[in-house]
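Here are a few exercises to work through with the model open beside you. Try each one yourself before reading the solution.

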Amino acid sequence: MFRPVEKILNPPSFHMVGDGFRVHNFIPGAVTMERMNPIIMMDYNSKYYFSPTDQPRGVDVHPHRGFETITIAYKGRIAHHDSKGNSGIIGEGEVQWMTAASGILHKEYHEREFSKQGGEFHMVQLWLNLPAKYKMIEPKYQSIDKDSIETIKISELSRIELIAGKYKAHQGPATTFTNAHLSNIYLKQSEECEFNFRSDDNTCILIVEGSVELNNDSKISTDQFVLFKNQEGMIKIKALEDAVVLLISVEPIHEPIAAYGPFVMNTQDELREAFRDYQMGKFGELN
Ligand code: MN
């Protein structure tokens with residue numbers, strides 16, 4: 001028996017985040033924060049060509065508190081700096097996992113050389129909520145490069161790149177505060193793989209490249225998003241052409257969500273406190 005599909009979504013119209021991220025916002029939107037909890041945001045920059053520039057495009061200094069930001073690059077490179085002194089470049093197939101927790105300032109830009117040359121840019125940013133007891137811990141930064149991703153061969157040319165959580169006996173490299181499975185699946189045409197998650201997990205996929213047949217039934221195309229029902233059953237993904245699929249399955253956090261802009265807490269009071277702390281400079285400094 002297959003895990004049934006709840007909805008298939010086309011990408012909503014795009015908006016710009018700063019001048020560097022041309023994103024379709026799947027969550028919160030057609031899928032609410034509560035429904036895909038603890039994934040409380042998904043911004044998808046579908047493949048888009050940016051022209052050469054000497055002034056890297058992106059988002060200038062801004063705060064976060066109460067959750068984690070996860071950035072996955074498929075095409076192009078992203079540079080990152082934060083107020084804890086962390087910085088890095090996210091290259092193709094790589095992931096940056098930033099635990100904002102008690103508060104951080106950061107900025108996110110196209111990497112300088114990529115900007116100079118211009119090119120196709122293709123990425124996802126997720127916000128993963130933190131349980132209340134971890135919201136005010138020290139911020140943390142995980143740079144997950146090609147070498148640290150757990151690669152599982154399905155066949156000669158198809159593979160799963162496990163970022164977080166489990167697949168069979170394999171474990172992804174990211175340390176997490178909730179049970180979360182995140183993987184990129186690279187399938188050659190006509191090849192397939194299967195997954196099984198707990199029925200109370202919130203589970204979705206995004207088709208990053210190509211098209212797939214899901215559960216011997218639905219055909220899903222590039223840039224479409226699929227939300228699964230909270231029911232037992234196997235998820236079977238078969239590539240109709242060479243495909244890349246982002247798969248997310250997360251154990252819900254059963255706590256209230258209070259969200260305002262870059263802060264995600266449990267109560268309105270905590271949101272006011274976050275805003276106050278930010279204005280008082282408690283998130284550090286970053287130029
Ligand atoms: Mn940010």
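**Exercise 1.** By class, which residues make up the lining of the second largest pocket?

*Solution.* First, the ground rules: this is a predicted model, where local features need pLDDT of at least 70, side-chain atom pairs count only at pLDDT 80 or more, and totals for chains, interfaces and linings use all residues. Residues are numbered from 1 along each chain as its sequence is written, and side-chain values use heavy atoms, with hydrogens and water left out.

Next, the term: on a 1 Å grid over the protein atoms alone, a pocket is an open set of points where a 1.4 Å probe fits, with protein on both sides within 12 Å along at least five of seven lines, and lining residues have an atom within 4 Å of a point. Here 17 residues do the lining, and Val17, Phe21, Val59, Glu108 and Gln125 lie nearest the centre. Among the elements giving two or more residues are strand 3 (21-27) and strand 11 (119-129); strands are DSSP runs of E, at least two residues, and helices runs of H or I, at least four.

Now sort them: nine are nonpolar, six polar and two charged. Ala, Val, Leu, Ile, Met, Phe, Trp, Tyr, Cys and Pro count as nonpolar, Asp, Glu, Lys and Arg as charged, and the others, Gly among them, as polar.

**Exercise 2.** Find the protein donors of the manganese ion.

*Solution.* Look for N, O and S atoms within 2.8 Å of the metal (3.2 Å for Na, K and Ca); water is not among the atoms, so sites may look incomplete. Written as a spacing, that's H-x1-H-x41-H-x1-E. His64 lies in strand 5 and His106 in strand 10 (residues 104-110), so the pair ties together parts that are 42 residues apart in sequence.

Then check burial (under 20% relative accessible area is buried, over 50% exposed, partly exposed in between; 1.4 Å probe, protein chains only). His64 is buried at 2%, and His106 is buried at 0%.

**Exercise 3.** Describe the aromatic pair of Phe263 and Phe275.

*Solution.* Rings of Phe, Tyr and Trp (its six-membered ring) pair if their centres lie within 6.5 Å; planes under 30 degrees apart are stacked, over 60 edge-to-face, the rest tilted. The count comes to 14 aromatic pairs. This one is edge-to-face, at 6.3 Å centre to centre and 80 degrees between the planes. Phe263 sits in strand 26 (residues 263-265) and Phe275 in helix 3 (residues 268-279). Finally, Phe263 is buried at 2%, whereas Phe275 is partly exposed at 37%.
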